[in-house]
Amino acid sequence: MTVSSGSAGWYLRRLSRMGPREVGGRVGDAVRRRRWRSGVPSAPEPTDARFTAVLPAGTLDAVPPDAAKRLVAEADRLMAGRITYFGVDRDDLVAPDWWYDPKTGRRATGGYAFDVPYRDEDAVGDVKQIWELSRHHHLTVLAAAYAITGNEAYAERVAAHLRSWWATNEPLRGVHWTSGIELGIRLLAWVWIRRLLDGWPGAAGLFEDNPVALQQIWHHQRWLAAFPSRGSSANNHVIAEAAGQLAAACAFGWFPTSARWRADALRSLERHLRANTFVRGLNRELASEYHGLVLELGLAAVAEADTAGVPVPESVRLVLLRMTDALAAVVDGRLRPPRQGDADDGHGLVVDGTGTDRWGSLLATGDAVFGRLSWWPAVTGTDVRTPLLAALIRPARPTATRPASRPAHFADAGLTVLRGPGEIWCRCDGGPHGFLSIAAHAHADALSVEVRHDGVDVLADPGTYCYHGEPKWRQYFRSTLGHNTLQLDGGDQSTSGGPFLWTRHARSRVLLADASDGAVARWSAEHDGYGSTVHRRRVELTAASRELRLVDEVRGGPRRAARLAFHLGPTITADLAGSRAVLTWTRDGEERSAVLDLPEGLSWRAHRGETEPPLGWYSAGFGRKEPATTLVGRGFAEDAQEFTTVLRFRD
């Protein structure tokens, strides 16, 4: 099915969210694309093409044995041709087809890159499936396995895949030259592949002594310099573009334009890291996985600049420090961050095997680079990436006042975490509707809550599942009904204009946030997403009784149809009788339970795994979904009416 983002109406809605400067920039891009159609220039002759951005001696000795073991196991799986992307198992990685989508069985069309309709699944397939393999994360894993074991079979497979990719994807031809974030992440991967293969006799012949590789490296950087993400699109994409450009211009700085590309990329990184991050440290997209992606990219970019001796503005390190402290503040007891907003399993740099905790790895790197604070949660897992990055990043901790105790309320982001005994964790959302005018990765989730007990999703954010190709599922997972909040008159709080476009944004404001260590933690907020009717929610977490109380109040406006949804995690079993649900689950072999008393003024029903329309689903990761119970109360809401919900955890 063709997605709506290719329609004339979508283009008009998208144009309406741009300012004059962005429109002018995009007109210039269109002219440049037409001009580039006439031919592909040859890269200039490199000067002094030597690779010197190697790991310091002894770095690999610091890799923990269990992390190395996981890495090698993953590399062996790759050598056997097996990998899983977004819920789809592949066994064709010995000699992959770089344009093939295993999910739909379709193969992307070729031709001039800017003619490829990559948003059209009927023509191209699921572009996320196609793009992911060509980010070359699997090759950084194989290269890391070579670096640790010295087994040349890993290096030879990397070389075969790169030569195949370069031959299949000539500059400006095909689907892999259509999106800047893909080029940026791929360049970063190539830098690390060359670094990790440095002990292999064929490394120079694969890269700096290979005219095909030089052409590819130069054209990737030329593309990124010409077509940066602009204006309303300057979100995580522009960070990836700047990080990849900076990495390549530092490590592969062999071209006449390398110094200019390096300086421009560093300026862009500094500017957009600040623009994409709240002062308190959370990512402005308010999509937790993108916080992780941007932090990974920023740390990797600083590592390349420090290795090349390029001065990095202190503001860059300061943003990364604040992002790391913010991550440490919001994770639950199992180091899981909120599931807020979009999530597509995107990574900036992968050198670890399956089973390595992403968030623990980021905190471990933050500890190595910035130093942990006393209130940080303990990180017990190990990883490969931390000792590698720590060996490259210059020890320099920015001058900053860091939080003396664990922050619970991020006023600029409107995010509050209430904590209680038994690892009760409750994330309350009273923040902006996403970032920039299109809020691309936002969900219509104002005033929603997420509740966990010892890391188990009890009241869950259902996740994301998909972007392109399945519009009814994209709509559901980002809808108001798809979150733990109140829906009025069957509509969303904010208005969608496409899969990555919101044309009207609900405005929220936090009225009270008292998450102190007292007997009762309190939070209250409201939003204006329903016009003359204001939805206000109060949340109280009482430590002694292990009780969470939610009060939803409707203020102003006419009588409206109301639906209040509570999405349970996939491991939760619910026994619903009238307006009371008994919830049970197992954690580490122990039976756990809670009682959910629902508002009696609504008629309650349990939904699970329904498809017409979708209701009762949970997506643990991009491309994956599973049935889960959703409790929906239906009725009407009038001015000043309140709906009270009480969740009590049993001992």
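Buried here means under 20% relative accessible area, exposed over 50%, and partly exposed in between, with a 1.4 Å probe and protein chains only. This is a predicted model, in which local features need pLDDT of at least 70, side-chain atom pairs count only at pLDDT 80 or more, and totals for chains, interfaces and linings use all residues. Residues are numbered from 1 along each chain as its sequence is written, and side-chain values use heavy atoms, with hydrogens and water left out.

Back to R317. Its place is in helix α14, residues 314-330. Helices (H or I, at least four residues) and strands (E, at least two) are DSSP runs, numbered from the N terminus. Not counting residues up to four places away in sequence, R317 touches V302, D306, V312, F370, I393, R394, A396 and P398. Contact means heavy atoms within 4.5 Å.

Next, helix α16, residues 385-392. Six of its eight residues are buried, namely R385, T386, P387, L388, L389 and L392. What do these buried residues pack against? They pack against α8 (180-196), α13 (288-308) and α15 (358-370).

Now the nonpolar cores. A nonpolar core is a set of buried Ala, Val, Leu, Ile, Met, Phe, Trp, Tyr and Cys residues joined through side-chain atoms within 4.5 Å. As background, nonpolar side chains in soluble globular proteins tend to be buried together. The largest core here has 141 residues, and W190, L197 and F252 touch the most other members. Leaving aside neighbours within four places in sequence, F252 is in contact with F51, W190, V191, R194, F207, I217, A247 and S258. Another core, of 39 residues, lies apart from the largest one; among its members are C428, V451, L548 and A562.

On to the aromatics. The structure holds 24 aromatic pairs. Rings of Phe, Tyr and Trp (its six-membered ring) pair if their centres lie within 6.5 Å; planes under 30 degrees apart count as stacked, over 60 as edge-to-face, and the rest as tilted. Y467 and F500 form an edge-to-face pair, at 4.8 Å centre to centre and 75 degrees between the planes. That pair links distant parts of the chain, 33 residues apart: Y467 is in the loop between β7 (456-459) and α17 (471-477), and F500 is in the loop between β9 (495-498) and β10 (501-504). Y467 counts as buried because its relative accessibility is 5%. F252 comes up again here: F51, W165, W166, W190, F207, F252 and W254 form one aromatic cluster.

Two arginines also sit over rings. The charged end of R358 is over the ring of W359, 5.1 Å from its centre, and the charged end of R452 is over the ring of W425, 4.2 Å from its centre. The criterion is NZ of Lys or CZ of Arg within 6 Å of the ring centre and within 35 degrees of the ring normal.

For C428, the nearest cysteine sulfur is that of C426, 3.8 Å away. C428 counts as buried because its relative accessibility is 0%. C466 is buried as well, with a relative accessible area of 3%.

C426 brings us to the sheets. Two strands pair if DSSP finds at least two bridges between them. Strands β4 (415-420) and β5 (424-429) pair in the antiparallel sense over six bridges, with L418 opposite C426 in β5. An open sheet of five strands has the order β3-β4-β5-β6-β7, with antiparallel pairing. Its edge strands are β3 (409-410) and β7, each pairing on one side only.

Strand β12, residues 520-530, is mostly covered, with nine of its eleven residues buried. With β11 (508-514) it pairs in the antiparallel sense over six bridges, and R509 stands opposite E526 in β12. A hairpin joins β11 to β12 through five residues. β12 and β13 (533-542) pair in the antiparallel sense over nine bridges, with A525 opposite R537 in β13. β12 and β13 form a hairpin with two residues between them, and G531 in the turn has a positive phi of about 65 degrees.

Last, S603, found in strand β19, residues 603-608. Not counting residues up to four places away in sequence, S603 touches V632, G633 and R634.

Note on methods
Disulfide = S-S within 2.5 Å.
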